[in-house]
Amino acid sequence: MFNFNALLARLKYIPRWSLMRQNVEEDLAQHTSDVALIAHTLCLLANRKFDRNVNCEKVAVAALYHDVSEILTGDMPTPVKYNNRDIMSAYKAIEAHAVNKLLETSDPDIKEDLRPYMTQESLTEYEKKLLKAADKICALTKCMEELQSGNKEFESAYKTTYQSLEEMDMDEVKYFMENMLGSFRLCLDELAKI
């Protein structure tokens, strides 16, 4: 019996933003879906508007797997994970070990097909940046959602995430933030008027 997909189904049990009070709880399955959708959009923008040659589908699939190690490790809060080089290095090793453990639970015939998506080794450096940008955009939209509901707990996270997206200096990200990000502040009635 191969437990891989049953383990992936547990993404919905991994909470995000564990050190912060949330008005709307978010789990890893929700986050993963959001990242894949945003990553796909960024890739389409990259190809159509900025004449790049990225593989949109490959990036979207890698986005679906980008946090699967957290099924075994849990979600380590960003301020802890990036506190210093030693912690970050140790956590990366733990994540790599978790990915290998998860791969051991898959059917051996597809294990090596899964690996490049789970490790992102199938992506070019620019595709990895697009995936990272999508991850950050999703963090930013979560902050916006919390702030809009009156939760000031997310003010600092919003500012640092927004700044890190600006520092990425990517055309696709700038375009998304100028033309699409504002829609995340609208209610359904406002969105449906389009």
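A residue counts as buried when its relative accessible area is under 20%.

Figure 1. The model shown here is predicted. Of the 194 residues of the protein, 41% count as buried. The accessible surface amounts to about 11,200 Å². Carbon and sulfur atoms contribute 52% of that surface.

Figure 2. Read along the sequence, its pattern is accordingly written α-α-α-α-α-α-α-α-α-α-α.

Figure 3. Along the principal axes, the C-alpha atoms of the protein fill a box of roughly 50 × 40 × 35 Å. A compact globule with 194 residues would have a radius of gyration near 16 Å, and the 17 Å of the protein agrees with this. Among the contacts with a separation of 6 or more, 68% are made by residues 24 or more positions apart.

**Figure 4. Charged side chains.** The protein carries 24 positive and 32 negative side chains. The centres of these two sets lie 2 Å apart.

**Figure 5. The cysteines C138 and C143.** How many disulfides does the protein contain? The count is zero. C138 takes part in no disulfide, and its nearest cysteine sulfur, that of C143, is 11 Å away. A disulfide requires a pair of cysteine sulfur atoms within 2.5 Å. The sulfur of C143 has its closest cysteine sulfur in C138, and the distance of 11 Å is too far for a bond. Are these two cysteines buried or exposed? C138 counts as buried because its relative accessibility is 5%. C143 is also buried, since its relative accessible area is 0%.

Figure 6. In which helix is A139 found? A139 belongs to helix α8, which comprises residues 125-148. With a relative accessible area of 13%, A139 is buried. Which residues are in contact with A139, once its neighbours within four places in sequence are left aside? The contacts of A139 are then with W17 and T161.

**Figure 7. A139 and Q30 in sequence and in space.** How far apart are A139 and Q30 in sequence, and how far in space? In sequence, A139 and Q30 are separated by 109 residues. In space, their C-alpha atoms are 12 Å apart.

Technical notes. Residues are numbered from 1 along each chain as its sequence is written. This is a predicted model: local features need pLDDT of at least 70, side-chain atom pairs count only at pLDDT 80 or more; totals for chains, interfaces and linings use all residues. Side-chain values use heavy atoms; hydrogens and water are left out. Helices (H or I, at least four residues) and strands (E, at least two) are DSSP runs, numbered from the N terminus. The radius of gyration is taken over C-alpha atoms; the globule rule is 2.2 Å times the number of residues to the power 0.38. Buried means under 20% relative accessible area, exposed over 50%, partly exposed in between (1.4 Å probe, protein chains only). Contact means heavy atoms within 4.5 Å. Accessible areas come from the Shrake-Rupley method with a 1.4 Å probe; for residues, only the protein chains shown count as cover. Lys and Arg count as positive and Asp and Glu as negative; His and the chain ends are not counted. The place of a charge is taken as NZ of Lys, CZ of Arg, CG of Asp or CD of Glu.
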